[in-house]
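Here are my notes on this one, as numbered points. Have the fold open while you go through them.

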Amino acid sequence: MTASTKLNVDKAPTMLRGSCLCQGVAFAIDGPVTDALYCHCTMCRKAHGTAFRARARIKSADFRWTKGEDLVRYCESSPGLYRSFCSVCGANLISTFDARPHVYGLALGVLDDDPQVRARCHVHVASKAPWFEITDDLPQFDELPDARFKW
Ligand SMILES: [Zn+2]
Ligand SMILES: [Zn+2]
């Protein structure tokens, strides 16, 4: 394995780690992180308490809690969509979807390692906070650009 430890941007790094603010909860991802974007919808803004949610997609089979799973709570923010968070510090973790059990949404901000992916667009810009100005050149979509993003 020693020869393959060199970072390769074309290949997803293995064993990404993430944790909450209070360090009571930790998790690991053994697989690719994909479809990163910035979501400006009202629910994401409220859940994160900030201008937008930086999120990506992972396979649920690649994900496991490594610490403090008993501290994790789930909020059903829309029917069949559950946002998980640490019950001690409130950090957003993963989202799960009744309709798509094979994938999870991942709040990129709680990662401790670099997932290598970078956000490729802004979505739900029609719901953007009036006090926040998007200053990058990424594509902006009023809602979700295509069905692939829906979960
Ligand atoms: Zn915590
Ligand atoms: Zn959102």
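1. A word on ground rules. This is a predicted model, where local features need pLDDT of at least 70, side-chain atom pairs count only at pLDDT 80 or more, and totals for chains, interfaces and linings use all residues. Residues are numbered from 1 along each chain as its sequence is written, while chains are lettered from A and ligands numbered from 1 in the order written.

2. Strands here are DSSP runs of E, at least two residues, and helices are runs of H or I, at least four, numbered from the N terminus; two strands pair if DSSP finds at least two bridges between them. Strand 2 (residues 26-29) pairs with strand 5 over four antiparallel bridges, and Ile29 has Phe63 as its bridge partner in strand 5.

3. Then there's an open sheet of seven strands, order 6-7-8-9-4-3-10, with mixed pairing. Its edges are strand 6 (72-78) and strand 10 (122-123), each pairing on one side only. Strand 3 (residues 34-39) runs parallel to strand 10 over two bridges, with Tyr38 opposite His122.

4. Overall, the protein chain has one helix and ten strands, running β-β-β-α-β-β-β-β-β-β-β from the N terminus.
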